[in-house]
Amino acid sequence: TLQMGILFVALLGLSSALVCPDGGMCEDKNTCCKNTEGGYGCCPLPHAECCSDHLHCCYEGTVCDLVHAKCVNKTVSLPWMRRVPTKQVLLVPQ
């Protein structure tokens, strides 16, 4: 049926997305991080470190330096990333 076809296409499009614990979705190779509202936002980095300010995130292998607004480890200091909202999944009723 047409509804099943639409559902299949919708689910196929979701196969490259990451579903967060609250049901929101992030793009593939993103990380779900808790936001200030208790839900989740998307960090545009794979395996990211979610900063405790609930607004930013850092690269894998670094930690959030909230004082200097950077991602740091023993050898590098990089700019941190701003999180973006998740997308909500809309399923077609059968």
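A disulfide is a pair of cysteine sulfur atoms within 2.5 Å. In this predicted model, a search of the whole structure turns up six such links. Counting the bonded cysteines along the chain, the pairing runs 1-3, 2-5, 4-7, 6-9, 8-11, 10-12.

**Cys43 and Cys57**

- The sulfur atoms of Cys43 and Cys57 are joined at an S to S distance of 1.9 Å.
- The torsion about this S-S bond is about 85 degrees, so the disulfide of Cys43 and Cys57 is right-handed.
- Cys43 belongs to strand S4 (residues 40–43) and Cys57 to strand S6 (residues 56–58), so the bond ties together parts that are 14 residues apart in sequence.
- Cys43 has a relative accessibility of 0% and counts as buried because the cut-off for that class is under 20%.
- Cys57 is also buried, with a relative accessible area of 0%.

**Cys51 and Cys64**

- Cys51 and Cys64 form a disulfide with their sulfur atoms 2.0 Å apart.
- The torsion about the S-S bond of Cys51 and Cys64 is -85 degrees, and the link is left-handed.
- Cys51 sits in the loop between strand S5 (49–50) and S6, while Cys64 is in strand S7 (residues 63–65), so this pair connects parts that are 13 residues apart in sequence.
- Cys51 is buried, at a relative accessible area of 2%.

**Cys58 and Cys71**

- A disulfide links Cys58 to Cys71, with 2.2 Å between the sulfur atoms.
- The bond of Cys58 and Cys71 is left-handed, with -85 degrees about S-S.
- Cys58 lies in strand S6 and Cys71 in strand S8 (residues 70–72), so the link ties together parts that are 13 residues apart in sequence.
- Cys58 and Cys71 are both buried.

**Strand S6 and its surroundings**

- Strand S6 holds Cys57, whose partner Cys43 is in strand S4.
- Strand S6 also holds Cys58, whose partner Cys71 is in strand S8.
- The loop that carries Cys51 runs between strand S5 and S6, and the partner of Cys51 is Cys64 in strand S7.

Note on methods. Residues are numbered from 1 along each chain as its sequence is written. This is a predicted model: local features need pLDDT of at least 70, side-chain atom pairs count only at pLDDT 80 or more; totals for chains, interfaces and linings use all residues. Side-chain values use heavy atoms; hydrogens and water are left out. Helices (H or I, at least four residues) and strands (E, at least two) are DSSP runs, numbered from the N terminus. Buried means under 20% relative accessible area, exposed over 50%, partly exposed in between (1.4 Å probe, protein chains only).
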